[in-house]
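Student: Could you help me learn to read a protein structure? I get lost as soon as I open one.

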Amino acid sequence: MKKQMLIILALIVAVLAISACGGAPAAQPTQPPAQPTQPAAQTAGKLAQIRAAGKLIVGTSADYPPYESIDASGNFVGFDMDLIRAVGEQLGVEVEIRDMPFDSLIASLQEGKIDAVIAAMQATAEREEKVDFTIPYRMTKDAFIGASDTTIVMTKPEDAAGLAIGAQTGTVQEGWIQKNLVATGLTPADKVFSYERADQAALDLASGRLQLVLMDAEPALELARQNGLKVLLVTETTAEGGKSVAIPEGAADLKAELDRIIQGLIDDGTVKALEEKHGLP
Amino acid sequence: MMGLFQDLLTTFNFIVQGLWVTISVTAVALTVGFTIGVVMAIARVYGHPALQTAVSAYSVVIRAVPVIVIIFILFFVISRYVNLSPFWAGALALGFASGAYQTEIFRGAIQAVQSGQMIAARAIGMSRLQAIQSIVLPQALRLALPAWGNEATLVLKDSTLVFAVGVPEILRRAQQVSARTFEPFLAFGVALLLYLALTLITTQALQWIERRYRLQV
């Protein structure tokens with residue numbers, strides 16, 4: 001009896017282990033070959049390294065249409081995805097895209113897990129301290145949205161004062177709210193809500209928990225159209241410049257090359273064509 | 001009606017691809033946790049006092065740290081030195097965390113086997129190791145099963161945390177669908193059904209094992 005028990009237990013463990021080994025490759029179909037992780041300081045030869053690997057590993061947070069999302073067949077689609085593939089083509093390397101939470105992107109870049117980040121990300125001062133950014137590939141606007149039956153009227157961003165407002169955690173919009181509404185005393189801190197994703201904030205608009213959501217204009221228009229929400233104000237005031245590709249700090253050669261390629265794609269109309277393809281204003 | 005069914009099918013087909021990831025992460029975590037748990041529990045009960053202290057420290061510290069922090073430490077700090085894929089970083093971190101809880105489960109079970117049995121085993125000439133292996137453990141493992149089943153379902157749900165390092169399990173796939181279709185209820189409903197099915201299967205399997213190995217007194 002006791003031997004049987006031990007055998008059964010051994011079997012369970014073995015089955016679990018086998019299923020685990022079988023599962024690992026399935027979970028990581030595009031895992032790069034083992035290579036020593038680059039400490040943040042040694043990023044000078046980053047471009048050569050990427051060329052040698054023949055692969056640019058790009059992190060994104062694929063829950064932000066029309067910039068990045070995953071279609072029903074599991075492909076990465078959107079403006080950013082098309083753009084980074086065009087960049088990869090010019091760079092002469094394959095582009096491998098990895099999906100992770102927005103909050104993990106910068107840390108993954110710093111630790112050399114990925115070579116670049118394209119996630120409708122803006123080059124803020126806080127982010128500039130940790131990573132470098134290319135030139136912007138697209139200037140941004142933000143939008144304030146409200147529920148379909150809202151009576152709020154906005155003519156300037158400060159009209160949001162005192163209202164229950166939501167934004168995505170760690171975004172420029174959340175920073176603007178903290179700096180311009182909370183720190184100035186216009187809105188009490190307990191009326192500001194932070195969400196892992198913008199669509200969750202939109203759900204709370206519909207349920208009445210929030211009066212406003214501040215987010216990037218284009219996904220806001222999309223969200224408003226699909227969920228019958230009201231766009232109250234589209235503004236450049238809350239946005240800080242444009243969206244850039246983030247790269248490891250000090251990777252000067254990579255930055256120079258990407259800047260050149262991105263400027264080229266803007267100049268030859270590729271960016272404009274992609275904006276039209278994805279319905280971006 | 002047809003449209004809804006079509007949506008449901010598309011959503012299901014997409015999310016179910018994360019099922020294998022969830023199962024693999026959970027299986028690795030439970031296996032690692034089980035191994036750590038049994039070894040640590042034996043060390044905790046029968047080991048040298050210094051070893052007992054070390055094991056208690058592991059158990060207390062790991063249980064005090066949120067699992068997500070352990071995942072980040074493994075993926076962002078440890079893997080500077082050892083090349084760990086996101087999958088293994090996430091699964092092993094869950095295993096270390098579960099190991100601490102399983103240590104306590106097995107410690108309790110071992111202590112529940114009357115100490116007289118150890119004395120009797122030694123008296124008939126068994127070594128301590130023999131007695132643990134042949135007398136104490138077979139009983140303790142049976143006693144531990146109900147609590148272990150509970151831990152297994154908790155680890156299953158904790159497996160959602162591995163997406164923090166980019167492993168696309170069931171919940172993340174549901175989020176991806178929700179972000180694309182703006183139909184969160186459908187997406188998270190499918191995720192809920194999958195987790196429910198996994199939990200039911202796990203508990204049924206463990207109950208079967210419990211019945212199968214119940215001691216006839």
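Here we talk through a sheet and the nonpolar cores.

Tutor: Keep in mind that this is a predicted model. Chain A has 10 helices and 14 strands, so let's pick one sheet.

Student: How do strands hold together in a sheet, in general?

Tutor: Strands pair through backbone hydrogen bonds, in a parallel or antiparallel way. In chain A, five strands make an open sheet with mixed pairing, in the order β10-β9-β11-β8-β12.

Student: Which strands stand at the edges?

Tutor: β10 (192-195) and β12 (230-235) of chain A do. Each has a single partner strand, so one side of each has no neighbour in the sheet. On average, neighbouring strands in this sheet are turned by 25° against each other, ignoring direction.

Student: In which sense do β8 and β11 of chain A pair?

Tutor: Antiparallel: β8 (residues 142-146) and β11 (residues 212-216) of chain A share four bridges. Look for A143(A), which sits opposite M215(A) in β11(A).

Student: What does helix α7 of chain A lie across?

Tutor: Helix α7 (residues 198-206) of chain A lies across β8, β9 (165-168), β10 and β11 of chain A, and runs at about 160° to β9(A).

Student: And what about the nonpolar side chains?

Tutor: In soluble globular proteins, they tend to be buried together. Here the largest nonpolar core has 105 residues, and V58(A), V117(A), I71(B), A93(B) and V162(B) touch the most other members. Apart from that core lies another, of 26 residues, including A147(A) and L210(A).

Student: How much of chain A is buried?

Tutor: Of its 281 residues, 41% count as buried.

Terms used. Residues numbered from 1 in each chain as written. Chains lettered and ligands numbered in written order. Predicted model: local features only at pLDDT ≥ 70, side-chain atom pairs only at ≥ 80, totals over all residues. Pairing = 2+ DSSP bridges. Helix = DSSP H or I, 4+ residues; strand = E, 2+ residues; numbered from the N terminus. Axes fitted to C-alpha atoms, helices over the stretch in contact; angles between N-to-C directions. Contact = placed C-beta atoms within 7 Å. Core = buried A, V, L, I, M, F, W, Y, C linked by C-beta atoms within 7 Å. Buried ≥ 20, exposed ≤ 12 C-beta atoms within 10 Å, placed from the backbone.
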